[in-house]
Amino acid sequence: MMMEDLGVEAKEASVREVAKLLPLPELLQSIAAIKADYIARQQANDAQLSTMVAEQVEKAQSGIKSLSFSEKTTNMLKENFVEIEKLCRECQTLIENHDQIKLLSNVRNNVNTTLKDVEGMLSISVEATAAHNSLSDDKELINTYERLTKLDGKRRFALAAVSSHEEEVGRLREYFEDVDRTWDTFEKTLWGHIANFLKLAKESPQTLVRALRVVQMQEILDEQLFTEAAEAEGVGAMESININAKSGKGYKDKCYEEIRKSIESRFERLLSELLFEDVKGATEEAKKIGEELGDIYDYVAPCFPPRFEIFQLAVNLYTERFVQWLRLLSDRANDLTNIEILKVTGWVVNYQDNLISLGVDETLAQVCSECGAMDPLMNAYVERMQATTKKWYLNILEADKVQPPKKTESGKLYTPAAVDLFRILGEQVQIVRENSTTVMLYRIALSIIQVMIDFQAAERKSLEEPPSEIGLEVLCAMINNNLRCYDLALELSSSTLEALPENYAEQVNFDDTCKGFLEVAKEAVRQTVTVIFEDPGVQELLVKIYQKDWMEEQVTEYLVATFKDYFTDVKMYIEERSFRRFVEACLEETVIVYVDHLIVQKHYIKEDTIERMKLDEEVLMEFFLEYMTNSKVENRIRVLADLRELASSESPDSFTLVYTNILEHQPDCPPEVVEKLVSLREGIPRKDAKEVVQECKEIFEHSFVDGKPPKAGFVFSRVKALQGSKGSIWRKRT
């Protein structure tokens, strides 16, 4: 009845749900979709229900199994309790013999232990013999080590057991002598393999790996023994344990020591007989030894555990020995030829490059070249190079004095000194670049700078001779040579600095030295001008300035005619850029000479004097404009015009005004010039003259900066008449 009621309720509920889904007639079309959705949901519910039923069945089965196992266990416990009760009843009759039973049990245990110890002791000789026999087979190296380690363990146990009986300890030690001898033989074999590491790594790397495995195993064992000893002593006493207990056999340290000895033996010949017999042979031997690092990297390093850092160790040891070799060579640097020194430095470069190619840090790779071991060798080479070059260029400069200069097709004069000097210097740089270290190239760069400085000093010294004795053509050749030297020096400095690393290039300054050649050329230009002005014919004309012949147009006109002849020759002899400087220097010297003669001459300045002075300006202007720009000529002749205006001034105000204008262009023009020109004027009262001079002195002093004229012009600091006037203000201030 209940099931029927549930069915009716379900049917009514279904009708209500369908009514909700289909409230409108037109929705009847979706019945097919609703059926499909219903079927899909029914299938999903069936699947979920089946899964849940299966899980519950599995849990029920598992529970049944657990109950069955519990039942079996309970039955076993019941049986055990029954057996225990039975045994207890049987033992009640034996309680009176408990002490005898305990003693018998101890005796039985001791007998068993003794039998085991006897068996162990009897096996020691057998195991020692087996370990000794396996020494001849490198493949058994690890097995041999393990056998010996076990024997050591048995020895420690046996000695500990009889430690309270000295006689027994002594007999046991004798019994273990075979083990000690086997250990000695084993360790000799082991360290022989380690010492022969390079050959083994190539021919039998497995043997080397086994030997290193033994070293690692002993490290682990040493650590275990240390820990056991520490625990036995107690935590508080751990620090008091002898440090040797922690290091144990120290196989790793011995491994490093054997490698060090092996490498040192490799260097014995290089550091002894070859050091004094044959530098070439020594560098060849050093090259062979250095190349071994490549084999160590390729063959040895893979055999060693990474934490051993064997390649880094080898690099350090090899480099230390090579530095020692270089220091020994440096002790006899004076006995080595330059070629031999270059061979040594060339080897250093190759060794350095080899290390870098193997991945060594550049700083470590450069130890041989940077540590100072080669300094005496480099010093000897540089000093010889400088001495040889100096001797050569001094001979060339002496030859230049007696041999006429050569001419180019265009007529320019020169001597081979410049080209030859820089050819030699360039060759030195090239040789060192190809065969030596960066440090050596740096030292050569500095020495080349010094050679150029010394060469310039030698040229300047030759210019101290009277210009007339040197000769115009030699001076012109020197001008061209130094211009050529400047160009060659720039080329050499550029190529040298490019070859140097930045940290070295920053320490080398070629600029000032290169400019030194231009300064020598300028000095030669000035000396060339001096040759012209010391010409007897020119001197004869100059002494007539402001004299009668000068007034009659027989000085300045003749002077520029002489200049023209000289200029024609000089223009052909020297380069255009130097010729322009020569013309400027000649004009400046002409102005200085005219100013000097104006100050020292004693004739009154009259109107015709002023006219002649103006004519001089025009003649000089016209002549020099052929060679110079208008502005440059005017800037230099302006002082003559200013002095002419000063000499023709009629009132104190005009004197001071003109003098003020002069100071704008020639700040070092002293008031003594005004004083001299005023004294050469007729008709100026003495009182007015004094006022003019005093006022000019005040103007001059007010123009000072830090107690002296703001700058020096090209004229008055070189006027001889003013330099000889010790009482002049200008002289005091400078």
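The model is predicted, so local features were kept at pLDDT of at least 70 and side-chain atom pairs at pLDDT 80 or more, while totals for chains, interfaces and linings use all residues. Residues are numbered from 1 along each chain as its sequence is written, and side-chain values use heavy atoms, with hydrogens and water left out.

The chain has 34 helices and 2 strands, taken as DSSP runs numbered from the N terminus (H or I with at least four residues for helices, E with at least two for strands). Of its 734 residues, 40% are buried; here buried means under 20% relative accessible area, exposed means over 50%, and partly exposed is in between (1.4 Å probe, protein chains only). Looking at contacts (heavy atoms within 4.5 Å) between residues at least 6 apart in sequence, 76% join residues at least 24 apart.

On to the rings. Aromatic pairs number 32 in the structure, counting Phe, Tyr and Trp (its six-membered ring) with centres within 6.5 Å; planes under 30 degrees apart are stacked, over 60 edge-to-face and the rest tilted. One of these is the edge-to-face pair of F267 and F322, at 4.9 Å centre to centre and 70 degrees between the planes. The pair bridges distant parts of the chain, with F267 in the loop between α10 (251-266) and α11 (273-277) and F322 in helix α13 (residues 310-331), 55 residues apart. F267 has 0% relative accessibility and so counts as buried; F322, also with 0%, counts as buried too. F567 and F624 are edge-to-face because their planes sit at 65 degrees, with ring centres 6.1 Å apart. Since F567 is in helix α26 (residues 556-573) and F624 in helix α28 (residues 607-624), this pair ties together parts 57 residues apart in sequence.

The charged end of K249 sits over W183, 4.4 Å from the ring centre, and that of K252 sits over F308 at 5.1 Å.

Salt bridges come to 28 over the whole structure, each being a side-chain nitrogen of Lys or Arg within 4 Å of a carboxyl oxygen of Asp or Glu. E257 and R260 form one of them, with the closest N and O atoms 2.1 Å apart; both residues lie in helix α10, 3 residues apart, or about one turn. E257 is partly exposed at 29% relative accessibility, as is R260 at 26%. E584 and R636 meet in another salt bridge, 3.8 Å from N to O. That pair links distant parts of the chain, E584 being in helix α27 (residues 576-600) and R636 in helix α29, 52 residues apart. E584 is buried at 11% relative accessible area, and R636 is buried at 15%. The two also belong to a salt-bridge network with R581, E588, E589, K632 and R718.

As for the surface, the chain exposes about 42000 Å², 52% of it from carbon and sulfur atoms (Shrake-Rupley method, 1.4 Å probe; for residues, only the protein chains shown count as cover). L77, F81 and I84 make a nonpolar patch of about 310 Å². Patches take residues with over 30% relative accessible area and no salt bridge, joining like charges within 9 Å and nonpolar side chains (Val, Leu, Ile, Met, Phe, Trp, Tyr) within 5 Å. I84 lies in helix α2 (residues 31-91) and is partly exposed at 46%.

Definitions and conventions
Lys NZ or Arg CZ within 6 Å of the ring centre and 35° of its normal.
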